[in-house]
Amino acid sequence: PDNVAIARQRFGLEEVHLAGVQEFLTESGLRFDAIVSKDVMEHIEKARIGEFVETIRAGLTPDGVALIQVPNMDWAASSHERYM
C-alpha cells in the first residue's frame, strides 16, 4: 500500500493497483501489451502454475508479450539444492 501511495503522489501515476495478478486481470477485464512477472512463479503452488500462465495469456492483447523470469538457481547467493 505504501508503494502504491508513493507512485500516485510522487509520480502522479493514477493507474497503480495493489492486487494479485489473477484477481486483478480477471476482475478488471483489462488487456496489456506486455506483462512482466519477475521472480513470482516460484511462489505459486505447482498445481496452479497452469492457471497462472493462462491468466497472464488472457490478460494480453492479441500481439502482447509476457516476460516471465524465474530465479536463477545457480546464482551465488541461492540455495541450489532448494531447487533440485
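**Starting from Gln22**

Okay, let me start with one side chain neighbourhood: leaving out residues up to four places away in sequence, Gln22 touches Arg48, Glu51, Phe52 and Thr55. Touching, or contact, here means heavy atoms within 4.5 Å.

Quick housekeeping. This is a predicted model, so local features need pLDDT of at least 70 and side-chain atom pairs count only at pLDDT 80 or more, while totals for chains, interfaces and linings use all residues. Numbering runs from 1 along each chain as its sequence is written, and side-chain values use heavy atoms, with hydrogens and water left out.

Back to Gln22, which sits in helix H2. Buried or exposed? Gln22 is buried, at 18% relative accessible area. The cut-offs are under 20% for buried, over 50% for exposed, and partly exposed in between, with a 1.4 Å probe and protein chains only. The Gln22 side chain also makes a polar contact with the side chain of Glu51, at 3.1 Å. By polar contact I mean N or O atoms within 3.5 Å; within protein, one must be able to donate a hydrogen and the other to accept it, and residues adjacent in sequence count only if both atoms are side-chain atoms.

Zooming out, the chain has 3 helices and 2 strands, running α-α-β-α-β from the N terminus. These are DSSP runs, numbered from the N terminus: helices are H or I with at least four residues, strands are E with at least two. Of the 84 residues, 17% count as buried. For contacts between residues at least 6 apart in sequence, 58% join residues at least 24 apart.

Now helix H3, residues 49–58. Which of its residues are buried? Phe52, Thr55 and Ile56 are. They span an arc of only 100 degrees around the axis, so they lie on the same side of H3; the arc is taken over the directions from the helix axis to the C-beta atoms. Their cover includes helix H2 (21–28), strand S1 (32–38) and strand S2 (60–69).

Take Thr55: its relative accessible area is 12%, and beyond four places in sequence it touches Val21, Gln22, Leu25 and Thr26. Phe52, again skipping neighbours within four places, contacts Val21, Gln22, Ser37, Val40, Met41 and Ile44.

Phe52 also belongs to the largest nonpolar core, which has 6 residues: Leu25, Ile35, Met41, Phe52, Ile56 and Leu60. Such a core is a set of buried Ala, Val, Leu, Ile, Met, Phe, Trp, Tyr and Cys residues joined through side-chain atoms within 4.5 Å.

Phe32 counts as partly exposed, at 29% relative accessibility.

Last stop, the end of S1. Lys38 is in that strand and is exposed, at 56% relative accessible area. Then comes Asp39, in the loop between S1 and H3. Most residues other than glycine have a negative phi. Asp39, not a glycine, has a positive phi of about 55 degrees.
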